[in-house]
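Subject: Structure handover

Hello,

Here is the structure for your files. My notes on it follow below; please read them with the structure open.

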Amino acid sequence: MSFLTIGGAPGAPSTRRSFVVRSGALLSGAAVALLAGRDALAARAASPAEGDVRVLNAALAAEFEAVAAYGLGVASGLLQPPVRALAQTFQGHHREHADLLAKTVARLGGAPAAAKAEYAFPTESLATQADVLRFAAKLEQGAVSAYLGAVPLFADRDLAKAAASILGDEAMHWAVLRQALGEVPVPSAFVA
Amino acid sequence: MLAAALACAPLHGAGGDASAGEAIYARCAACHALAYDRSGPRHCGLIGRRAGSVPGFAYSEAMRRSGIVWDAPALDRFLADPMRTLPGTSMAYAGIADAGERADLIAFLAIATASAACRGSAGR
């Protein structure tokens, strides 16, 4: 199945398939199958090592926190409208990641991690737009490292591929935030 | 304050370079912070602390029962390959393969987790 064919025509009704395409994530065949309800294909990945579910849940917990962190930034009143719009876009990406991860954990027979009722953030150090951007950039940098550290752990290589596609998205967030801060957007040839 | 502490620290004390370790600590920032719990527990007070003992943090059963006390050798073993060193841990991370990087990170943690920035937060 081609990722180019599952989204339908522009303006087509929103479906789970078009959601996958809109996310911009080139998901693995297994992950797409999980989301699209193709149980026969998904069943091939339905008996993963328990470790895969644990890795997915660790990522899910971090994605929930990222959604909350961007929510904090958006609600802070510190962001100029274009930056606020950017934060909302990135928050939406993290929400999509969380949605995918939760559904995948559930389809694999695990219990998806839940979002916390509240998160601790260093609000006392967020006084300007630059503070918020720096805080977000740090989280995104950490997310890149976390996914980089998670990808080799998956027993199922399709899940590793899906996680790598999320890693790419987080890296773009990090670069854009660095650019907004006036920093070199891509500081090195490799991430760690 | 923390930067000043690092600037004053013996850079290669205990086998690691704390300044280099600060940059490596950025990799932990998806899940950890020094002074507050995130999806991973806070690091303030880490050195000498029994694993799984930060009040109120929801640890894995494996971590709670590990019997680990976080000193430099224990951190070195765990950070090299968390999921193999402690099967069942929630820390889903491949680890830091480079022994020098681990030493740098541990040198940073030794200073940062006992710094003024941590005062009052380690046992919260």
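Chain A and chain B bury about 1600 Å² between them, and carbon and sulfur atoms give 65% of that area. Buried area here is the accessible area (1.4 Å probe) that two parts lose on being put together, summed over both. R54(A), E65(A) and L153(A) supply 28% of what chain A buries against chain B, more than any other three residues. In residues, the contact (heavy atoms within 4.5 Å) takes 24 from chain A and 15 from chain B.

This is a predicted model, in which local features need pLDDT of at least 70 and side-chain atom pairs count only at pLDDT 80 or more, while totals for chains, interfaces and linings use all residues. Residues are numbered from 1 along each chain as its sequence is written, chains are lettered from A and ligands numbered from 1 in the order in which they are written, and side-chain values use heavy atoms, with hydrogens and water left out.

Chain B has six helices and zero strands; helices (H or I, at least four residues) and strands (E, at least two) are DSSP runs, numbered from the N terminus. Of its 124 residues, 50% are buried, that is, under 20% relative accessible area with a 1.4 Å probe, protein chains only (exposed is over 50%, partly exposed in between). Chain B exposes about 5700 Å², with 59% supplied by carbon and sulfur atoms; accessible areas come from the Shrake-Rupley method with a 1.4 Å probe. Among the chain B contacts with a separation of 6 or more, 46% are between residues 24 or more positions apart.

The whole structure holds three cavities of 30 Å³ or more, a cavity being a set of points on a 1 Å grid over the protein atoms alone where a 1.4 Å probe fits but cannot get out; lining residues have an atom within 4 Å of a point.

One residue to look at is H97(A), in helix α5 of chain A. H97(A) counts as buried because its relative accessibility is 8%. Beyond its neighbours within four places in sequence, H97(A) is in contact with E63(A), I166(A), D169(A) and E170(A).

Regards

How values were computed:
On a 1 Å grid over the protein atoms alone, a cavity is a set of points where a 1.4 Å probe fits but cannot get out, and a pocket is an open set with protein on both sides within 12 Å along at least five of seven lines; lining residues have an atom within 4 Å of a point. Grid points are joined across faces, edges and corners, and a volume is the space filled by probe spheres set on the points.
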